[in-house]
Amino acid sequence: MRTLIRFTLLAALSLLASVSPHAQEQPEAYLSWGAEEAVEIGKAWRANGRVGGAFDMRVIHTEHAYNYKLRATLMTPEAIRAAARLEQLRLRLTDEQTRALVAEADAPSQLVAMVELDAREGSGVIPLDWRAALRPKGAGAAREVAGVNTPKLRHVKALAGVARRDYAYEVFWLVFPLASADGGPSLPPSTDAVELVVGIYNKEGRVSWRLPDSLRRRLQALSQPHK
């Protein structure tokens, strides 16, 4: 009897070990999230900051703002699925239609940040040559990945975030490639946290996030030698 019990336990442990971590994560669990849960998950990837100092003042260039309010949402796989789930609940979409929203927004080769900017007094205009870069938190400029402003992404519903639009802010979508020119990862897979650096004229602002396992796995895959 003891031998039989021992054999049964070993068989069960072997079966559990054979199940991949990805399968255990239930990648389609988002299809059962409630509205409040989806909002909470989506907002977890939204960060607030400021471009320029709190007491920056105009001296000569009165057409410039004192500083700029900054909001940014890192469109992680989790944030994308939260936005898609809210759209499903709002429009009564089928699961298949919701999966299509996720597929349209979640490109494994890139990472999107939705950046919102609001000029404090001054002209109220965001200059066209503002810039943004993503890098490991605390790293220098040599590790930065430049973002590409991609206006067409405003039409991708699962990249709209979960918060209501604040029309005081201008909204931009920045694309950051996850693969470098040599085919490897643009960010080290060992990165614990990333920061977004936004520059307007001679002012800068930063916001940061912990790097989720979902993105770390993608970077690890890119670091593997291709056969």
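For sorting residues by class, Ala, Val, Leu, Ile, Met, Phe, Trp, Tyr, Cys and Pro count as nonpolar, Asp, Glu, Lys and Arg as charged, and the others, Gly among them, as polar. Keep that in mind for the cavity below.

A word on the source: this is a predicted model, where local features need pLDDT of at least 70 and side-chain atom pairs count only at pLDDT 80 or more, while totals for chains, interfaces and linings use all residues. Residues are numbered from 1 along each chain as its sequence is written, and side-chain values use heavy atoms, with hydrogens and water left out.

Let's start with the strands. Helices (H or I, at least four residues) and strands (E, at least two) are DSSP runs, numbered from the N terminus, and two strands pair if DSSP finds at least two bridges between them.

Asp-118 counts as buried at 15% relative accessibility; buried means under 20% relative accessible area, exposed over 50%, and partly exposed in between (1.4 Å probe, protein chains only). Leaving out residues up to four places away in sequence, Asp-118 touches Asn-67, Tyr-68, Lys-69, Ala-168 and Tyr-169, where contact means heavy atoms within 4.5 Å.

Over in strand β7 (residues 170–177) sits Val-171, which is buried too, with a relative accessible area of 9%. Beyond its neighbours within four places, Val-171 is in contact with Met-114, Val-115, Glu-116, Arg-154 and Arg-165.

**Strand pairings**

| Pair | Bridges | Sense | Residues standing opposite |
|---|---|---|---|
| β4 (residues 131–136) and β8 (residues 193–200) | 6 bridges | antiparallel | Arg-131 and Gly-199 |
| β4 and β5 (residues 145–146) | 2 bridges | antiparallel | Ala-133 and Ala-146 |

In β4, 5 of the 6 residues are buried, so the strand is largely enclosed by the rest of the structure.

**Helix α4**

α4 has 15 residues and spans 21 Å from its first C-alpha to its last, close to the 21 Å expected at 1.5 Å a residue (1.5 Å times one less than the number of residues). The helix is mostly covered, with 11 of its 15 residues buried, including Ile-80, Arg-81, Arg-85 and Glu-87. These buried residues pack against α3 (35–43), β2, α5 (95–105) and α6. After α4 comes Arg-92, with a positive phi near 55 degrees.

**The cavity**

A cavity is a set of points on a 1 Å grid over the protein atoms alone where a 1.4 Å probe fits but cannot get out, and lining residues have an atom within 4 Å of a point. The count comes to 1 cavity of 30 Å³ or more. The largest cavity has a volume of about 60 Å³, taken as the space filled by probe spheres set on the points, which are joined across faces, edges and corners. Of its 13 lining residues, Met-75, Ile-80, Asp-106, Gln-110 and Leu-111 are the closest to the centre. Two or more lining residues come from each of α4 (77–91), β3 and α6 (213–223), and β3 gives the largest share, 3 residues. By class, the lining has 9 nonpolar, 2 polar and 2 charged residues.

Definitions and conventions:
On a 1 Å grid over the protein atoms alone, a cavity is a set of points where a 1.4 Å probe fits but cannot get out, and a pocket is an open set with protein on both sides within 12 Å along at least five of seven lines; lining residues have an atom within 4 Å of a point.
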